[in-house]
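Try each task before reading its solution.

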Amino acid sequence: MGYKKMAITLSLLSDTTINWQLNAGIDLVEVEVISGKPGNEKRQFGANTINMQSIQMVPSMLGTPDVIKTLQLFAGVKTGNEGTAGIQVRGGSHDQNLILLDGIPVYNTNHIFGYLSAFQTKALKDVKFFKRSIPARYGGRLSSIVDISMKEGNLKKSSGNFSVSPVSGSLMIEGPIKTDTASFLLASRRTWLDLPIRAYKTLAGDDERFGYSFYDLNGKINWIINSQNRIYISHYNGRDAHFTYLKNDNNNKSSRFSFNWENYTSLLRWNCILPNNLFVNTSVYHSLYRFGQISEYTGQQSFKEIVHTSLEEFAIKGDFDLNLKNNRAKFGYQISHFTFKPELVYVKANENMFNKNSSAIAQNLTISTYVENNWEPNHKVNFNYGIRSHHYQAGSTNYWFIEPRASFNFNATSSSTIHAAIQQTTQPLHLLTNTALNMPSDLWVPVTGNIRPAKAWQFNLGADMVFQNKDYNMSLDLYYKPVKDIIQYKQGISLIKSNYTNWYDLVDVGNGLNYGVEMTVEKTGHKLTGWVNYTLAWAWLKFDNINNNQYFPFKYDRRHDINILINYYLTNVTNKKCYFSLTFKYASGNAVTLPIEVSEGITAPGTVQPGRNSYYPYTNPEYYPHPNNYRMPAFHHLDISYSTMRQTAKGNEFTWKFSVYNLYNRLNPYYFVAQNDKMFKISMLPIIPSVVFNYRW
Amino acid sequence: MKHRFVLILFVVIITSGCQKEFDLKLDFSPGFTVNGILDPDSTIKVKISKTEKIGHPGEFQPVDIAVVELIDENQVFKLPKQMEGIYADSLHVHAGKTYNLNVFLPNNKILSAETTIPSKPVATVVHNPDVFIYTITLTDNTNEKNYYWVYAQSGYFQSNFMKPASKIFNENNIIYTNSVIGDEFNRVRTKVFPDTDYSYSFGMRIPDESISDGSITFDIKISEGWNRLERISIVSADKNLDNYLKTGLLQRDQKAGGDTPVFMIPISMFTNIKNGKGIFGSCSISVFDFEFYNEQSN
């Protein structure tokens with residue numbers, strides 16, 4: 001739309017590749033633009049493709065559009081704690097999702113302890129989300145794939161985007177390096193949160209500092225060498241930092257405490273078209289996640305402790321596409337080298353620095369290959385099947401897995417499709433967490449000789465129906481997913497561990513079982529779009545040393561989830577758009593572990609009794625029947641936004657977006673705490689209004 | 001007016017994300033607790049009481065209507081009620097033997113448990129007064145699975161002109177050490193003394209996997225001052241008592257550390273009482289007393 005027609009007569013004698021660029025040339029006045037479907041735009045074997053316009057429209061906390069929070073509105077996808085940007089897909093914990101940025105895994109996707117995700121939507125092209133069935137070309141995680149593609153940079157003209165929200169500002173520019181040959185994209189985002197305190201302290205001449213900040217930096221270069229070869233180079237760096245520096249001039253003592261976490265991803269990709277319809281993508285990438293915590297005290301005696309956690313991956317992979325008559329085959333390989341440094345502690349005292357647990361460092365190698373074929377024998381039937389092999393090397397231990405993947409679509413009528421899928425997935429790394437939050441201190445740890453890769457089967461059966469005249473479609477999915485060899489901390493391990501124990505001494509290995517039903521009704525079309533979905537789900541865990549080896553609920557075992565998204569265009573013409581958006585989220589409460597019973601204790605043999613009746617002076621023994629025994633109250637909130645966009649004669653756009661998170665101020669409990677024999681609920685996110693300004697040129 | 005609206009909005013936002021008292025509406029009905037630790041050096045005593053809802057601060061209601069049986073292989077001993085909720089007998093138990101406990105309550109409710117008495121720890125404790133260090137040598141009984149706990153107490157002599165002075169131990173002491181032979185779960189890195197790196201609050205647990213060569217020797221320190229009386233107790237606990245002691249310490253440390261539920265997963269107290277709560281376990285103890293009255297006076 002908006003381009004002149006072009007007609008060319010071709011005489012094809014052999015395989016030929018010709019690129020044409022359409023010329024702009026039609027002035028559109030008062031044309032009604034029909035938006036894309038705001039979520040399930042194109043479903044292909046379990047994939048939901050989401051465009052960025054859809055994500056921009058969704059109301060969000062502090063007005064910042066967020067890829068991950070948009071995914072939370074899909075059936076079968078659960079939020080962890082309120083407001084956080086983690087996703088739990090079909091009972092899997094958030095580490096079971098492979099989140100790829102331009103094909104590179106990003107190991108921590110959070111800013112501000114998960115309230116924002118690390119992805120700048122202005123720099124992104126689209127998002128593919130797989131949970132129904134995962135094709136053989138993806139692997140390494142149990143539950144889902146989030147494949148995010150960055151824009152490639154405009155080859156024709158320079159353009160940009162500037163945005164200001166209550167917490168951050170962002171700038172994105174893109175344009176040609178050489179017209180039609182090479183382009184670039186640069187996007188940056190930085191928070192404002194630390195600036196007021198920094199400015200105040202500086203003006204006051206005060207050396208003390210404290211605050212919190214984050215930034216993101218994305219860059220990409222796209223170079224079309226010739227019609228058969230293209231090179232992409234992309235890089236991402238995001239960092240969060242909290243810092244406190246306190247000093248006492250009277251006794252010359254000071255203390256410094258900081259923690260920070262950051263991601264680096266870098267990619268070089270060569271895209272090549274070979275004869276016989278063979279497309280080849282060869283990529284070399286590096287992905288690094290690291291978390292650091294520094295505590296330093298200076299005075300008469302100095303002490304410094306550094307806690308360092310990192311996961312680094314170097315990989316090379318090749319993906320081949322071969323298009324035949326009724327088949328589209330894909331095959332490829334990936335070799336990854338991982339270096340894990342989980343919670344290494346370095347202590348510096350009297351100028352000597354020493355490490356307390358260097359034996360936890362591990363280097364693992366994984367080699368994966370896959371073959372996948374999409375076969376469409378006729379317009380009624382469509383198969384996608386494949387196999388993925390993994391070799392995981394952990395020290396002297398080797399693990400081999402063959403993962404079958406198969407999905408099947410049958411177009412029963414012109415408007416209804418039945419589909420079935422079966423898949424096995426494995427995961428060569430685990431995330432250890434002992435909190436209710438997605439903390440940056442959570443540990444990515446490797447498989448070892450004793451701790452096997454996690455393994456899952458998933459069986460999916462479903463149906464899609466399209467009501468073409470009424471712009472409605474509906475989908476229904478049933479899934480059953482047993483999981484083996486997942487790990488969690490042993491009971492009683494606290495977030496702050498006071499000794500220097502290696503992680504593998506502190507974990508239990510167990511299994512999981514997840515099953516449920518997902519239903520979605522979606523409205524597409526002109527003025528009004530959106531969807532309503534409902535998930536009925538069960539998620540169980542079983543560990544040898546817990547609950548007598550019986551199943552108990554996963555903390556995100558929420559029986560019911562309802563998501564509603566409504567977008568309504570009040571005005572939708574070329575130079576002016578106004579729309580109203582609404583999301584409502586309802587979920588059964590999370591399962592939390594709360595002792596409910598207390599008994600009389602004993603005096604430990606060999607000790608003296610300091611108190612009366614009790615085992616220890618502080619407490620009587622407390623019991624709960626099984627972990628995650630208590631169901632928190634249901635969680636719900638309503639968010640709205642109103643956006644207005646005006647376009648200038650030159651085509652520049654100004655957009656204001658006004659949002660209110662948690663419109664009716666529902667105080668959803670974040671966690672419980674006992675004080676003086678009473679229980680208190682702590683709520684974190686009340687009603688939060690915000691406004692965001694966006695300028696695009 | 002606009003300013004007032006902004007001010008009110010600000011106050012609403014700040015004050016509404018907050019802490020509020022909450023009724024958990026727990027579905028609770030009281031159960032029964034059985035506590036009994038068998039020790040070859042003591043007579044048998046079992047206490048039975050009712051459990052309470054979490055947050056209960058006071059006494060636990062004793063159960064006086066139980067029938068308590070201790071089964072020594074094929075012999076059944078009925079333990080008579082001595083005091084409120086306490087069932088006791090002057091019987092002695094023996095190391096190496098397995099004992100079963102059955103508690104019969106109204107409505108045909110039966111609580112039961114089993115324990116095997118461990119043998120007495122074989123250990124020596126030598127005190128070096130120059131550096132205030134106790135050197136402990138512990139020899140493992142390789143015929144049984146042992147769970148050792150080392151405790152330290154201090155006390156004083158209570159004088160009475162009619163009788164010889166008696167020993168009163170009134171304080172449980174923290175154990176300081178440079179050894180990592182003990183289990184790590186309650187080990188804290190701390191530099192209280194120049195020659196110790198770690199401390200164990202309320203007991204140093206030594207599983208017999210740590211005793212690789214049949215015996216181990218390690219040093220501990222209690223203080224660098226003179227207590228009048230110091231006692232080192234080495235307890236060999238059965239598996240049930242060991243689990244109970246360990247989970248009890250973990251539970252205590254979670255509360256003492258002030259961790260809020262968002263930062264930790266609470267631990268449930270171990271129990272081996274079928275259909276109830278509490279502990280039926282056993283132990284044998286070797287005790288080493290050290291008197292410093294003379295040194296301190298001099």
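**Exercise 1.** Which residues have the most contacts inside the largest nonpolar core? Keep in mind that this is a predicted model.

*Solution.* Start with the core itself, which has 31 residues. Those with the most contacts inside it are L71(A), L101(A), F119(A), L124(A), V127(A), V146(A) and I148(A). Next, trace the core back to secondary structure: in chain A, the elements that each supply at least two of its residues include helix 1 (52–57), helix 2 (67–71), strand 9 (124–130) and strand 10 (144–150). Finally, look for another core: a second, separate one of 27 residues includes V167(A), Y212(A), F259(A) and L685(A).

**Exercise 2.** Find what L124(A) is in contact with, leaving aside neighbours within four places in sequence.

*Solution.* Going up the chain, L124(A) is in contact with M52(A), V67(A), L101(A) and F119(A), among others. Further along, its contacts include I148(A), S149(A), M150(A) and K151(A).

**Exercise 3.** Is I177(A) buried or exposed? Then place it on the surface.

*Solution.* I177(A) lies in strand 12 (residues 168–178) of chain A. Its relative accessibility is 52%, so I177(A) counts as exposed, the cut-off being over 50%.

**Exercise 4.** Are C272(A) and C283(B) buried or exposed?

*Solution.* Buried means under 20%. C272(A) has 7% relative accessibility and therefore counts as buried. C283(B), at 1%, therefore counts as buried too.

Methods:
Residues numbered from 1 in each chain as written. Chains lettered and ligands numbered in written order. Predicted model: local features only at pLDDT ≥ 70, side-chain atom pairs only at ≥ 80, totals over all residues. Heavy atoms only, no water. Helix = DSSP H or I, 4+ residues; strand = E, 2+ residues; numbered from the N terminus. Buried < 20%, exposed > 50% of the residue type's maximum accessible area, 1.4 Å probe, protein only. Core = buried A, V, L, I, M, F, W, Y, C linked by side-chain atoms within 4.5 Å. Contact = heavy atoms within 4.5 Å.
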